[in-house]
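Please look over the sequence and the structure shown below, and keep both at hand while you read. The notes that follow take one topic at a time.

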Amino acid sequence: MPDLIPTRLPDQADIPERRRFLTALSLLPAAGAGAAWMSGPTAHAQPQVNSRAHIVIVGGGAAGLTAANRLATGLQGAKITVVDARKEHYYQPGFTLVASGIKPQNYVVTGTADYLPQGVEWVQASAAEIDPESRKVVTSDGKTLNYDFLIVASGLKLDYAAIPGMDTERIGQNGLGSIYHSPQAAQATWTSLSSFADKGGVAVFSRPATEMKCAGAPLKYTFISDDHLRRRGTRSKSEIIYNAHNKAFFSVPIVSEKVRMLFEDRGVKTRMERVLASIDIDKRVATFKTPDGTEEQPYDFINVIPPMRAPDVVRNSPLRWQTGPWAADGWMEVDRHTLRHKRYPNVFGVGDVAGVPKGKTAASVKWQVPVAVDHLLASIAGKESTASYNGYTSCPLITRLGQAMLVEFDYKDNLTPSFPGIIAPLEELWISWVMKTMALKPTYLSMLRGRA
Ligand SMILES: Cc1cc2nc3c(=O)[nH]c(=O)nc-3n(C[C@H](O)[C@H](O)[C@H](O)COP(=O)(O)OP(=O)(O)OC[C@H]3O[C@@H](n4cnc5c(N)ncnc54)[C@H](O)[C@@H]3O)c2cc1C
């Protein structure tokens with residue numbers, strides 16, 4: 001087993017910061033050390049609604065399970081069906097930690113069944129077709145599920161096939177890493193990074209030009225790799241290159257500028273408007289699209305992050321955006337504040353699949369699902385809901401082992417710190433590191449159960 005870095009105090013942790021942490025803890029809700037994104041509406045806020053409606057949820061990941069639990073609590077007599085072939089549940093915010101040697105692989109794997117509420121039916125198959133006109137979902141094993149209400153929570157598709165030369169089977173070999181693919185790949189990426197850090201060399205990082213989940217993860221992993229090289233004494237003979245897909249490092253300008261300053265401080269070389277076009281794993285050469293053509297970047301270690309799109313079942317359905325920035329990749333056409341489909345009012349889209357300006361984090365799932373469920377329950381009860389999602393999302397941006405910036409923002413790019421005066425969003429803090437490495441998982445699991 002490669003060396004694991006324990007979750008612990010960094011050398012530079014000071015007493016005032018610990019004091020502030022304890023204050024923060026005392027301010028937090030029942031989730032204990034839960035991060036800011038974990039406060040919010042509870043599942044028990046509403047009286048139960050009696051109904052014989054059939055609600056189908058496509059996808060039993062973070063958003064699907066949260067929705068199932070909230071609906072099971074809010075409804076009496078209804079039939080709730082979750083459709084998902086995957087038996088394992090992945091705690092994806094932990095993938096970066098596994099790929100950094102901070103947590104073992106089993107830290108991110110539990111079982112879907114562990115979070116399914118009593119009385120909810122689980123169809124262990126994929127949804128192959130969604131027909132919102134006739135209100136039915138057809139599964140990969142040929143079953144037809146007729147619904148009264150549909151929640152699509154299918155996450156997104158990692159389109160590795162769009163990168164010629166990429167082979168996910170080879171993650172962990174020849175300096176090839178990819179933290180997004182799976183828990184196994186995150187572990188294999190750590191093997192690759194760890195042996196690279198022993199020798200040093202050229203490390204290449206990038207992000208896709210599409211929408212993506214946790215847009216902070218490519219940046220975090222660059223900072224973490226830099227720190228590992230420093231700890232092994234090989235940073236001075238190494239070069240780190242970060243390729244931004246456009247002219248910024250992050251969609252929120254003030255955060256982008258902070259990242260630029262940190263990259264400069266850490267000696268990370270940056271290339272703008274570079275998108276990974278193909279890779280030669282044997283020769284260890286990555287080819288990037290640039291505004292002027294292509295550019296080859298030889299590497300000793302690379303973290304490949306593929307383009308991300310809506311899963312085919314949504315892309316090939318009428319639920320996708322028909323025009324506009326989210327049409328090409330098939331994201332779902334939902335209202336950004338209610339998560340209700342704009343053309344099919346008995347359909348909702350939550351989590352990564354939603355075609356909304358921000359989000360694609362577990363933190364946004366936390367705030368989206370209660371809103372969508374509230375609107376769904378109101379529709380069943382013949383009422384109107386005023387619940388509204390403001391685009392809240394959060395990114396604990398690790399900037400070195402032992403420190404992170406807890407960046408929280410909304411649709412308007414406003415920074416929305418949950419603990420103003422205690423956790424400064426653009427400061428590298430040990431508190432924020434503790435949030436990411438220790439507090440997020442229990443509160444995430446509590447969210448799945450509809451309790452956070
Ligand atoms: C490396 C990495 C780091 C991250 N870091 C953070 C972080 O620090 N903070 C944070 O808040 N978020 C983070 N995230 C993002 C977060 O994990 C996702 O945004 C969140 O899981 C989205 O929930 P979801 O339910 O939409 O998708 P998922 O949790 O991916 O679940 C989708 C489910 O749908 C199922 N499915 C897919 N297709 C079908 C189909 N056709 N039929 C039926 N079921 C289907 C899948 O099997 C899966 O179970 C990170 C993600 C990654 C990969």
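Predicted model: local features only at pLDDT ≥ 70, side-chain atom pairs only at ≥ 80, totals over all residues.

Gly-382, which comes just after helix α8, takes a positive phi of about 70 degrees.

**Helix α8**
- Helix α8 covers residues 362-380, which makes 19 residues, and from its first C-alpha to its last it reaches 27 Å, close to the 27 Å expected at 1.5 Å a residue.
- The helix bends by about 25 degrees at Gln-368, and a proline, Pro-370, follows within four residues of that position.
- Because 17 of the 19 residues of α8 are buried, this helix is largely enclosed by the rest of the structure.

**Strands β8 and β9**
- Strand β8, made of residues 127-131, pairs with strand β9, made of residues 136-139, in the antiparallel sense over four bridges.
- Within this pairing, Ala-127 has Thr-139 of β9 as its bridge partner.
- The two strands form a hairpin with four residues between them, and in the turn Arg-135 has a positive phi of about 55 degrees.

**Strands β9 and β10**
- Strand β9 is also joined by three bridges to strand β10, residues 144-146, and these two strands run antiparallel.
- Here the bridge partner of Lys-136 is Asn-146, which lies in β10.
- β9 and β10 form a hairpin as well, with four residues between them, and Gly-142 in the turn has a positive phi of about 85 degrees.

Methods
Residues numbered from 1 in each chain as written. Pairing = 2+ DSSP bridges. Expected span 1.5 Å × (residues − 1). Bend = angle between axes of the 7 residues up to and from the residue. Buried ≥ 20, exposed ≤ 12 C-beta atoms within 10 Å, placed from the backbone.
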